[in-house]
Amino acid sequence: MSEIKEISVGDLVKWFETYADINIVRDVGSGTVLKTQKVTNPYDPHGTIRYQVFCHKLGDAKWFVKPYIEKFEQGEKNEF
């Protein structure tokens with residue numbers, strides 16, 4: 001299993017959008033993290049972190065949570 005890579009503001013990331021009713025990837029691209037926000041709810045007492053990402057392909061900012069966002073590794077090619 002790979003090590004957990006922390007994502008922070010300014011990181012280059014890969015993002016994935018899925019269809020609402022099924023877990024099939026609809027779109028994928030690269031982006032830059034603009035903001036992070038901890039979100040809590042009664043069903044997840046530990047909370048989760050969501051990331052606002054400027055999507056280079058779309059020219060717009062969107063929110064993502066793991067596993068729909070991954071940090072780019074140094075030297076990795078962007079083939080989107």
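I begin with E17, which counts as buried at 13% relative accessibility; buried means under 20% relative accessible area, exposed over 50%, and partly exposed in between, with a 1.4 Å probe and protein chains only. This is a predicted model, where local features need pLDDT of at least 70, side-chain atom pairs count only at pLDDT 80 or more, and totals for chains, interfaces and linings use all residues. Residues are numbered from 1 along each chain as its sequence is written, and side-chain values use heavy atoms, with hydrogens and water left out.

E17 sits in strand β1, residues 12–18. Strands here are DSSP runs of E, at least two residues, numbered from the N terminus. Leaving aside residues up to four places away in sequence, E17 touches I24, V25, R26, D27, K62 and F64, where contact means heavy atoms within 4.5 Å.

Next, C55. Is C55 buried or exposed? Buried, with a relative accessible area of 0%. C55 belongs to strand β3, residues 44–55. With residues up to four places away in sequence again not counted, C55 has contacts with W15, S30, G31, D60, K62 and F64. From K38, 17 residues apart along the chain, C55 is separated by 20 Å between C-alpha atoms.

Now the sheet. Five strands make an open, antiparallel sheet, in the order β4-β3-β2-β1-β5. The edge strands, β4 (60–65) and β5 (69–71), each pair on one side only; two strands pair if DSSP finds at least two bridges between them. Between β3 and β4, which run antiparallel, there are six bridges. R50 stands opposite V65 in β4.

Conventions: Helix = DSSP H or I, 4+ residues; strand = E, 2+ residues; numbered from the N terminus.
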